[in-house]
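Here is a short report for a first look at this structure.

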Amino acid sequence: MLRIVNRALIGVIGLVLVVLGGSVLAVGLGVRPPSWWIHDGRHDVLLSDAERTRWRGDGWWWPTVIVVLAALVLLALWWLAAVLRRRRLAEVLVDTGDGEGALLRGRALEGVLAAESTQLDGVEQAQVLLTGRRSTPEARVRLLLEPHVDPGHALHLLTAEALAHARDSAGLAALPAEVRLRGVKHRAERVS
């Protein structure tokens, strides 16, 4: 969801900036703007002195400007924090039994878990994402199932085989998983 909002916001902001910049460039190059446009001609300024100082004497103007700018700054900081926050687990702490422990790359465990999930009966494609803390990882698994597969059976195979192997091989007490199942779209079969 965050990726969709991020792309939509960047796209809308980019489109607005391109349209405004293109219009200023076009008017600057001598294109005659429509009568309702914000620029009248080549030597026109964006904001005249009268437009800039119009509401300066009103009591509501400065508090409104400050609140709107503060809201924009908070929204921009939230957006930046959401974009920069790492969702993927970089490494998993494996208990080696000697009290030291070892670090396993998160992507390696994701790859092995996805490969083993893809080999299950009826699974066409698998995607795995590890989240959480390195001592208590959690898995997000997306399975693309073939049309003939029972989703309950595929989920049972995933938990009994692939997730159990990953949990045991990493020496984890538990490996909770959120599994999303989706069926492959296929064309209707013709019966003759």
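## Strands and surface

Val 141 has Val 179 as its bridge partner in E5. The model is predicted: local features need pLDDT of at least 70, side-chain atom pairs count only at pLDDT 80 or more, and totals for chains, interfaces and linings use all residues. Residues are numbered from 1 along each chain as its sequence is written, and side-chain values use heavy atoms, without hydrogens and water.

| Residue | Bridge partner in E5 |
|---|---|
| Val 141 | Val 179 |
| Leu 144 | Arg 182 |

Strand E4 (residues 137–145) and strand E5 (residues 177–183) pair in the parallel sense over 7 bridges. From E4 the chain crosses through helix H5 (residues 151–169) to E5, and this β-α-β crossover is right-handed. That means a clockwise path from the first strand over the helix to the second, with the strands pointing away from the viewer. Helices (H or I, at least four residues) and strands (E, at least two) are DSSP runs, numbered from the N terminus. Two strands pair if DSSP finds at least two bridges between them.

The order E3-E4-E5 forms an open sheet of 3 strands with mixed pairing. Strand E3 (123–132) and E5 are its edge strands, each pairing on one side only.

Now the surface. Val 12, Val 16, Leu 20, Ile 38, Leu 46 and Leu 47 make a nonpolar surface patch of about 560 Å². Patch residues have over 30% relative accessible area and no salt bridge; like charges are joined within 9 Å, nonpolar side chains (Val, Leu, Ile, Met, Phe, Trp, Tyr) within 5 Å. A salt bridge is a side-chain nitrogen of Lys or Arg within 4 Å of a carboxyl oxygen of Asp or Glu. Accessible areas come from the Shrake-Rupley method with a 1.4 Å probe; for residues, only the protein chains shown count as cover. Ile 38 lies in the loop between helix H1 (2–28) and helix H2 (49–52).
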